[in-house]
Each structure stands twice: as C-alpha cells, then as structure tokens.
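User: I would like to learn how to read a structure like this one. Please take me through it feature by feature.

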Amino acid sequence: MTTYALLRRDIASLRDVNFRYVILDEAQHIKNHTAATTAAARSLNAEARLALTGTPLENRLLELWSIVEFVNPGMLGSWRDFNRRWERPVAAAIENEGSKGKARDTAGRAEAESLRARLKPFLLRRTKADVQRDLPPKIETDVVVELT
C-alpha cells in the first residue's frame, strides 16, 4: 500500500516487483495520460489490475481512456485512436445538442453508444441512490473546543 506521491518517488524499485494485484483507489489521479503518476502506475507489473473511482471522467473522455488503459492496456486503442474515434465525435455531439437536449449529430451519438457498449462489461456503476440505502444515517456531533 502506498500513496500516489510515493509511487512516483519509489517507482524505480516498485517496477521490479511482480504484484499479484495492483488496485488504484481514487484512480482519477491517473486521468492525465501524460502525467508522471500515470506513467508510474502503468509501469507496475501485475497479474490483475483494478481501478476504483467515483469520478472516472470530469472534463474530457480522454480521462476515461487513461484509466481504462491502466486496467486493460490497448482495449480502446492508442490515445490518438481514441481521440479520433470517440472523443472528438462524442464531444461534437454534446456541443451540437439542440435546446431540447436532442443531439443533432447522429454519428457522435452512435460513437457514444459504441463506447458505452464496449465499456459496460468492465464498469460497475452505482448511483447515489444505490449507495445511500447501504449507508447508516448521518451522525453529526458538535464539539466545542476551547483554544489555548
């Protein structure tokens, strides 16, 4: 178990270890495919990889590609292929949505559905409503502390 900062610092010795599993929690830390943290994570040797994140994508589809590339290298092609096939057409479809929320760009919608279908077997997505029923009620406690 390590942190992302220590992973970057210790990668020279960690990449020589043959891990059975590498599990990234808060995997959005590797969303930038050109970052040192991402390169360090990808260079680890593991029989199996898992990425856990509540935010697999925040700004661009390429962030999702970066996480998938860690878990299953090559599944979505190179980042250039991904950009050409999915990111640009889907972004264009989103930008071209009409005022009633209907995408006018059918090619972009088709590519979005293609990507969704490709990723669906590999993603477990739980909505807030799914998670809330598993959680106990929120408990708040106010503690007054006198500063000395």
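Analyst: Start with a definition: a residue is buried when its relative accessible area is under 20%, exposed when it is over 50%, and partly exposed in between. Keep in mind that this is a predicted model.

User: What do the buried residues of helix 1 pack against?

Analyst: They pack against strand 1 and helix 2. Take T37 as a case from helix 2, which spans residues 36-42. T37 has 8% relative accessibility and therefore counts as buried. Leaving out residues up to four places away in sequence, T37 touches Y4, L7, R8, H29 and I30. Two of the names in that list, Y4 and L7, belong to the buried residues of helix 1.

User: Next, salt bridges. Why can side chains pair in this way?

Analyst: Side chains of opposite charge can pair when their charged atoms come close. The cut-off used here is 4 Å, between a side-chain nitrogen of Lys or Arg and a carboxyl oxygen of Asp or Glu.

User: How many salt bridges does this rule give?

Analyst: The count is six. One of them joins D10 and R9, with the closest N and O atoms 2.7 Å apart. D10 is partly exposed, because its relative accessibility is 22%.

User: Where in the chain do the partners E87 and R60 lie?

Analyst: E87 and R60 form a salt bridge at 2.8 Å, N to O. E87 is in helix 4 (residues 79-95), while R60 is in the loop between strand 2 (45-51) and helix 3 (61-71). The two are 27 residues apart, and the pair links distant parts of the chain.

User: Is E87 buried or exposed?

Analyst: E87 counts as buried because its relative accessibility is 8%. For another case, look at K138 and E140, whose side chains meet in a salt bridge of 3.4 Å, N to O. K138 is exposed, with a relative accessible area of 70%, and E140 is exposed at 63%.

User: How is empty space found in a structure?

Analyst: Rolling a probe the size of a water molecule over the atoms shows where empty space is left. In this model the largest pocket has a volume of about 1300 Å³. It is lined by 40 residues, and those closest to its centre are P56, L64, L119, L123 and R125. Strand 2, helix 3, helix 4 and helix 5 (106-119) each give two or more residues to the lining.

User: How does the lining of the largest pocket divide into nonpolar, polar and charged residues?

Analyst: There are 22 nonpolar, seven polar and eleven charged residues.

User: What is there to read in the second largest pocket?

Analyst: Its space is about 400 Å³. The lining has 14 residues, with M1, T2, V22, I23 and L24 nearest the centre. Helix 1 (4-14) and strand 1 (18-24) are the elements that give two or more residues to this lining. Strand 1 gives the most, with five residues. By class, the lining of the second largest pocket has ten nonpolar, two polar and two charged residues.

Definitions and conventions. Residues are numbered from 1 along each chain as its sequence is written. This is a predicted model: local features need pLDDT of at least 70, side-chain atom pairs count only at pLDDT 80 or more; totals for chains, interfaces and linings use all residues. Side-chain values use heavy atoms; hydrogens and water are left out. Buried means under 20% relative accessible area, exposed over 50%, partly exposed in between (1.4 Å probe, protein chains only). Helices (H or I, at least four residues) and strands (E, at least two) are DSSP runs, numbered from the N terminus. On a 1 Å grid over the protein atoms alone, a cavity is a set of points where a 1.4 Å probe fits but cannot get out, and a pocket is an open set with protein on both sides within 12 Å along at least five of seven lines; lining residues have an atom within 4 Å of a point. Grid points are joined across faces, edges and corners, and a volume is the space filled by probe spheres set on the points. Ala, Val, Leu, Ile, Met, Phe, Trp, Tyr, Cys and Pro count as nonpolar, Asp, Glu, Lys and Arg as charged, and the others, Gly among them, as polar. Contact means heavy atoms within 4.5 Å.
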